[in-house]
Amino acid sequence: ALPISTWDADWNKMSDIYFWHLRAHYKAVIPLLEGNVLDIGCGPGFLAGWVYPNEGHYTGIEISPQAIAYGRRLFPGATFVQLDISCEKAPLPNQGFDTVVCSEFLEHIEKHDFVLYEIKRLARNRVILTVPISIGGAGHVWPEWTVDDLTARSKIIGQLLEVRVSHEGNFMLALIRRT
């Protein structure tokens with residue numbers, strides 16, 4: 001895994017455009033949210049703005065302390081956990097979240113099994129994964145994603161209900177029912 005200082009450096013470069021870059025992702029994810037939400041690789045937790053009230057209903061996991069500090073200022077009722085979910089177990093309850101969102105995160109790590117099993121452990125009902133169609137972007141280490149790649153990884157979590165492709169936002173979205 002990359003050192004935290006690398007993630008903070010990337011965060012500093014992207015902080016001004018982060019929200020606008022992911023606008024199409026939010027538009028796709030927001031209607032699918034149910035109940036309390038866990039947001040993996042949350043950055044500053046912009047998704048918390050659509051989870052009301054934040055307190056007790058939104059938790060974000062992020063490796064960058066700078067992104068978390070920004071999120072805590074923006075969304076004081078939200079919960080943020082700083083850790084590297086690609087290799088560290090989250091100190092959160094089994095099946096503690098109605099919806100787990102993992103948006104634009106998997107392309108930043110080389111190995112996915114640990115985090116996918118952790119997502120399965122944490123999700124009660126549904127999981128939303130988004131990945132880029134192409135590799136372009138800060139810190140991307142995984143090659144281009146295909147529907148087959150997304151389908152194969154989804155099987156670790158549960159039943160794949162739907163895959164959507166958004167050319168507007170250059171991403172694919174998978175909706176998964178945890179089994």
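Strand β1 (residues 37-40) and strand β2 (residues 58-62) pair in the parallel sense over four bridges; strands here are DSSP runs of E with at least two residues, helices are runs of H or I with at least four, and both are numbered from the N terminus. Two strands count as paired if DSSP finds at least two bridges between them. The model is predicted, so local features need pLDDT of at least 70 and side-chain atom pairs pLDDT 80 or more, while totals for chains, interfaces and linings use all residues. Residues are numbered from 1 along each chain as its sequence is written, and side-chain values use heavy atoms, leaving out hydrogens and water.

Within the pairing with β2, Val37 has Tyr58 as its bridge partner. Strand β1 is also joined to strand β4 (residues 97-103) by four bridges, and these two strands run parallel. Here Leu38 stands opposite Val100 of β4. Val37 and Asp39 point one way from β1, Leu38 and Ile40 point the other way, and all are buried (under 20% relative accessible area, with a 1.4 Å probe and protein chains only).

Turning to the helices, the axes of α5 (residues 113-122) and α6 (residues 147-157) come within 8 Å and cross at roughly 45°, with axes fitted to C-alpha atoms over the stretch in contact and angles running from 0 to 180 degrees between N-to-C directions. The two helices are therefore oblique to each other, the class left after roughly parallel (under 35 degrees), roughly antiparallel (over 145) and roughly perpendicular (65 to 115). On the α5 side, the contact (heavy atoms within 4.5 Å) is made by Asp113, Leu116, Tyr117, Ile119 and Lys120, and on the α6 side by Arg153, Ile156 and Ile157.

Methods:
Buried < 20%, exposed > 50% of the residue type's maximum accessible area, 1.4 Å probe, protein only.
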